Amino acid sequence: MRRLATDTMIMAERNLVRLPRNPDLFTAFTIQPIMFVLLFVYVFGGAISTPGYDYVDFLIPGIIVQNIAFGGFITAMGLAEDLNRGLIDRFRSLPMSRAALLAGRTLSDVATNTLSMVILIVTGLIIGFSFNANIGEILLGVVLLLFFGYAFSWVFAFLGMLVTTPEAANSLGFMLVFPLTFISSAFVPTESMPSALQWFADVNPFTVVVDAMRALWLGAPAGNDVWGAFVWSAVIIVVFAPLAVWRYRAAAER
Amino acid sequence: MDSAQRRTSPQPTDAPAISVRGLVKTYGDVRAVDGVDFEVRRGTVLGLLGPNGAGKTTTVRMLTTLQKPDAGELLVDGIDAVADAAKLREHIGLAGQNASVDESLTGSENIVMFGRLYGMSRKNAKARATRLLEQFQLSDAADRPVKNYSGGMRRRLDLAASLVAEPPVLFLDEPTTGLDPRSRLDLWEVIEQLVAGGTTVLLTTQYLDEADRLADDIAVIDHGKVIAKGTPDELKARVGGERLVVALADEASAPDAIAALGPMCTDTPVVEDGAVKLYVSRREGAIVEAVRRLDEAGVGVEDIGLHRPTMDDVFLALTGHAAEERTDDETEEATA
Ligand SMILES: Nc1ncnc2c1ncn2[C@@H]1O[C@H](COP(=O)(O)OP(=O)(O)OP(=O)(O)O)[C@@H](O)[C@H]1O
Ligand SMILES: [Mg+2]
């Protein structure tokens with residue numbers, strides 16, 4: 001157990017040291033979200049009606065959830081890269097905890113997710129976003145975001161190992177997760193969608209989490225969304241962590 | 001436990017460091033490893049020699065706990081590679097066939113990371129990294145990301161990383177593939193130093209000169225089976241001893257030369273390109289005796305020399321096909 005903890009920290013440290021040295025990935029988690037916020041607020045914002053909220057207030061929780069979900073990308077690409085390079089063979093020949101390879105990956109995503117969350121909140125505050133919440137609610141929102149992001153790291157870890165190259169991991173992630181984030185309440189109210197889409201959007205965990213964030217940060221009516229969002233995140237971890245471990249074993253043993 | 005210390009083995013020193021019995025691994029219809037047996041004595045080098053697809057990497061992967069065998073018994077440093085895999089990992093170092101270091105980290109960061117994963121403290125790992133990078137002439141590049149390294153530098157770093165915890169048993173899968181002649185020589189020297197210090201090494205190679213130079217014993221493997229075992233000299237002896245080549249001053253004297261040398265010879269001398277060529281049973285004194293005999297027979301000699309069979313001859317004789325051709329003339333330079 002102690003071995004797992006120290007080795008996980010060593011692996012997480014490795015991933016974080018690598019990150020700024022990979023400029024493409026780094027801008028994907030810093031500059032790109034800012035561009036998206038500006039695009040949505042100033043280009044689409046005027047055309048989207050969000051009764052009861054300014055569009056910027058409506059958008060920020062949604063777009064943070066989307067970004068956080070994609071934080072797992074670094075895990076997916078990193079794992080695909082390691083498996084390709086034979087580096088995984090070296091790790092597996094060391095007297096280290098084998099679980100630490102995956103745990104360290106997903107743990108370092110929490111750090112990068114925190115970074116992109118902060119960047120998005122600051123960008124939002126600059127262009128007019130304001131919290132309608134007390135400090136406790138704001139912090140609970142932060143915890144929910146990071147927990148949900150952690151859950152999606154396992155989804156991406158699994159997807160990353162279904163394919164054999166970092167590039168394929170990238171496009172698979174985009175094809176599966178991108179639509180999921182758009183057919184949700186993240187960018188537009190679900191009531192504005194055709195009924196089939198609306199049905200899907202309303203059961204989509206993204207909608208649950210985004211609505212929970214709006215309840216926590218904007219004082220929107222919460223319903224069951226907040227605990228629902230935590231339950232969804234936990235379920236995702238329970239399903240995808242074992243799947244990821246199983247794929248990882250198969251891929252590493254080849 | 002301080003992993004930086006060389007671990008003392010529970011085994012008496014005359015027990016083999018590696019023992020492989022009846023090893024089998026199949027992938028569908030492919031019998032990648034098909035009943036392999038060998039032993040490696042402590043403090044020696046075994047060269048696992050074979051062409052592409054022979055089963056070298058698969059054997060190494062099973063010995064280093066990366067893959068489970070379908071059948072067979074594997075003992076490394078007295079530890080069962082299947083039942084006690086986790087324990088075994090503390091006793092081995094591996095440099096795989098593909099350089100396996102983190103491209104985005106610097107050379108130093110890589111070694112420190114691997115050292116810590118062996119259980120060393122950050123401080124010990126740093127000190128060890130500094131020493132290893134120096135030993136492998138990478139000090140100047142220590143703080144550069146590996147993606148800017150040349151292939152040879154990467155290979156050296158790879159080997160350095162496998163030594164970080166001073167493992168008593170080292171596995172090197174084609175350690176010099178892709179290196180220039182100079183880097184190969186350097187790496188050979190490092191390996192020789194390690195062995196002089198008591199490390200046991202199993203190295204795979206397709207290069208006959210490499211096995212010849214480094215290995216105490218060679219196991220030739222082809223299609224998943226060991227087809228020959230022995231010291232380099234024993235294997236060469238199987239091909240037919242030393243070859244004496246006598247260049248004649250006058251080609252017309254060839255029959256006289258053959259008559260004079262006949263008694264020394266293990267088969268019938270042949271004449272090629274104005275030279276008489278024959279296998280002799282003993283190396284010692286062969287040239288002196290030949291010169292004396294030719295002198296007595298009045299045959300003029302331009303040049304005379306003894307040629308040892310190369311591992312290429314061995315391979316051809318054992319498998320009926322030549323080992324993989326080098327794409328360039330590295331062999332010449334590297335052994336010069
Ligand atoms: N994961 C795998 N799945 C299917 N076949 C495999 C796998 N790994 C190896 N093989 C097959 O097993 C045989 C032995 O492969 P191996 O990699 O051990 O050879 P090698 O001696 O290391 O060759 P090389 O010199 O090219 O590295 C080959 O026929 C190879 O195609
Ligand atoms: Mg191989």
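How many helices and strands does the secondary structure of chain B come to? The tally is twelve helices and 14 strands. Keep in mind that this is a predicted model.

**Chain B overall**
- Chain B has 336 residues, and 53% of them count as buried.
- Looking at contacts in chain B with a separation of 6 or more, 70% come from residues 24 or more positions apart.
- The chain exposes about 14,800 Å², with 47% of that supplied by carbon and sulfur atoms.

**A buried leucine in chain B**
- Leu63(B) sits in helix H1 of chain B, and its 0% relative accessibility is why it counts as buried.
- Leaving aside residues up to four places away in sequence, Leu63(B) touches a set of residues including Ile18(B), Val20(B), Phe38(B), Leu74(B), Phe171(B) and Leu202(B).
- For a sense of distance, the C-alpha atoms of Leu63(B) and Met264(B) are separated by 47 Å, and the two residues are 201 apart along the chain.

**The magnesium site**
- The magnesium ion (ligand 2) has Thr57(B), through OG1, and Gln97(B), through OE1, as its protein donors, lying 1.8 to 2.1 Å from it.
- Thr57(B) lies in helix H1 (residues 56-63) of chain B, while Gln97(B) lies in the loop between strand S6 (92-95) and helix H3 (107-117), so the pair ties together parts that are 40 residues apart in sequence.

**Where the chains meet**
- Chain B puts 32 residues into the contact and chain A puts in 24.
- About 2,500 Å² is buried between the two chains, and carbon and sulfur atoms give 51% of that.
- On the chain B side, Leu66(B), Arg89(B) and Leu117(B) supply 26% of the area buried against chain A, more than any other three residues.
- Seven salt bridges turn up across this interface; one of them pairs Arg116(B) with Glu13(A), with the closest N and O atoms 3.4 Å apart.

**Asp102(B) and its partners**
- Arg14(A) forms a salt bridge with Asp102(B), the closest N and O atoms being 2.5 Å apart.
- That pair crosses between chains, from helix H1 (residues 2-18) of chain A to the loop between S6 and H3 of chain B.
- Arg14(A) and Asp102(B) are both buried, and the relative accessible area of Asp102(B) is 0%.
- Arg18(A) also meets Asp102(B) in a salt bridge, at 2.6 Å from N to O.
- Arg18(A) is in helix H1 of chain A and Asp102(B) is in the loop between S6 and H3 of chain B, so this pair joins two chains.
- Arg18(A) counts as buried because its relative accessibility is 8%.

**A salt bridge within a helix**
- The structure holds 29 salt bridges over all chains, and one of them links Asp186(B) and Arg182(B) at 3.1 Å, N to O.
- Asp186(B) counts as buried at 16% relative accessibility, whereas Arg182(B) counts as exposed at 57%.

**A nonpolar patch on chain A**
- Leu38(A), Leu39(A), Tyr42(A), Val43(A) and Phe44(A) make a nonpolar surface patch of about 480 Å².
- Leu39(A) lies in helix H3 (residues 31-44) of chain A and counts as partly exposed, at 41% relative accessibility.

Notes:
Residues numbered from 1 in each chain as written. Chains lettered and ligands numbered in written order. Predicted model: local features only at pLDDT ≥ 70, side-chain atom pairs only at ≥ 80, totals over all residues. Heavy atoms only, no water. Patch = residues over 30% accessible without salt bridge, like charges linked within 9 Å, V, L, I, M, F, W, Y side chains within 5 Å. Areas by Shrake-Rupley, 256 points an atom, 1.4 Å probe, with all protein chains shown as cover. Salt bridge = Lys/Arg side-chain N within 4 Å of Asp/Glu carboxyl O. Helix = DSSP H or I, 4+ residues; strand = E, 2+ residues; numbered from the N terminus. Buried < 20%, exposed > 50% of the residue type's maximum accessible area, 1.4 Å probe, protein only. Donors = N, O, S within 2.8 Å, 3.2 Å for Na, K, Ca; no water. Contact = heavy atoms within 4.5 Å. Buried area = accessible area lost by both parts, 1.4 Å probe.
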